[in-house]
Amino acid sequence: RNSLLVADPDYAAVTISGYLGKKIYSPKTGKWQSYMVWNRQSPGTLKADVLLTEARNMPGKQPVLVIIAGKTRADAFGKLGAPRLAAFEGSLAGDQDFFIFAARSAKN
């Protein structure tokens with residue numbers, strides 16, 4: 001409940017915002033989001049190591065969870081040592097499978 005949520009790519013993961021009832025931070029755009037404006041060009045995705053660094057450097061002491069869309073990206077992120085907490089697989093579009101990782105716990 002108190003965790004900060006960081007997501008990449010934001011265009012896919014922001015859909016979870018409504019379900020959870022809280023905004024999700026996009027390090028790519030530097031904004032807290034609960035929806036997307038589709039008349040803009042997406043600036044692409046971040047490399048896994050950059051995303052993990054951004055997530056770990058979020059202000060405050062709250063736990064930080066990272067939402068990754070797409071199995072290939074999640075596999076690359078997981079190789080960096082962040083523990084995977086959950087996987088939501090089986091979507092018709094592969095880039096809409098979601099994976100949640102702990103980037104920072106309350107202990108660190």
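**Exercise 1. Surface and burial**

How much accessible surface does the protein have, and what share of it belongs to carbon and sulfur atoms?

*Solution.* The model is predicted: local features need pLDDT of at least 70, side-chain atom pairs count only at pLDDT 80 or more, and totals for chains, interfaces and linings use all residues. Residues are numbered from 1 along each chain as its sequence is written, and side-chain values use heavy atoms, with hydrogens and water left out.

Step 1. Compute the area by the Shrake-Rupley method with a 1.4 Å probe; for residues, only the protein chains shown count as cover. The accessible surface comes to about 6,500 Å². Carbon and sulfur atoms hold 54% of that surface.

Step 2. Classify the residues. Buried means under 20% relative accessible area, exposed over 50%, and partly exposed in between (1.4 Å probe, protein chains only). Of the 108 residues in the protein, 40% are buried.

Step 3. Look for partners across the sequence. R1 and Q62 are 61 residues apart in sequence, with C-alpha atoms 9.9 Å apart. Contact means heavy atoms within 4.5 Å. Leaving aside neighbours within four places in sequence, S3 is in contact with K22, P63 and L65.

**Exercise 2. Elements and strand β1**

*Solution.* Step 1. Assign the elements. Helices (H or I, at least four residues) and strands (E, at least two) are DSSP runs, numbered from the N terminus. The protein has 4 helices and 6 strands.

Step 1. Check the burial of β1. In β1, 5 of the 5 residues are buried, so the strand is largely enclosed by the rest of the structure. L4, V6 and D8 point one way from β1, while L5 and A7 point the other way.

Step 2. Find a pairing partner. Two strands pair if DSSP finds at least two bridges between them. β1 and β4 run parallel and are joined by 5 bridges.

Step 3. Among contacts between residues at least 6 apart in sequence, 55% join residues at least 24 apart.

**Exercise 3. Nonpolar cores**

Which residues of the largest nonpolar core touch the most other members?

*Solution.* Step 1. A nonpolar core is a set of buried Ala, Val, Leu, Ile, Met, Phe, Trp, Tyr and Cys residues joined through side-chain atoms within 4.5 Å. The largest core has 18 residues, and V6, L51, V64, V66, I68, F77 and F101 touch the most other members.

Step 1. Trace the contributors. β1 (4–8), α3 (48–56), β4 (64–69), α4 (71–78) and β6 (98–104) each supply at least two residues of this core. The largest share, 4 residues, comes from α3.

Step 2. Leaving aside neighbours within four places in sequence, V64 is in contact with L4, V6, A55, M58, F101, A102, A103 and R104.

Step 3. Look for another cluster. A second, separate core of 10 residues includes A13, I16, I67 and F98.

**Exercise 4. Salt bridges**

How many salt bridges does the structure hold?

*Solution.* Step 1. Apply the cut-off: a side-chain nitrogen of Lys or Arg within 4 Å of a carboxyl oxygen of Asp or Glu. The structure holds 3 salt bridges.

Step 1. Start from D8, which counts as buried at 0% relative accessibility. The side chains of D8 and K28 meet at 3.5 Å, N to O. D8 lies in strand β1 and K28 in the loop between β2 (24–26) and β3 (31–33), so the pair ties together parts that are 20 residues apart in sequence. K28 is buried too, at 15%.

Step 2. The closest N and O atoms of R73 and D8 are 2.8 Å apart. This pair links helix α4 to strand β1, 65 residues apart.

Step 3. Finish with D75 and K71, whose closest N and O atoms are 3.3 Å apart. Both lie in helix α4, 4 residues apart, about one turn of the helix. D75 is partly exposed at 34%, and K71 is partly exposed at 39%.

Step 4. Join the bridges that share partners. D8, K28 and R73 form one network.
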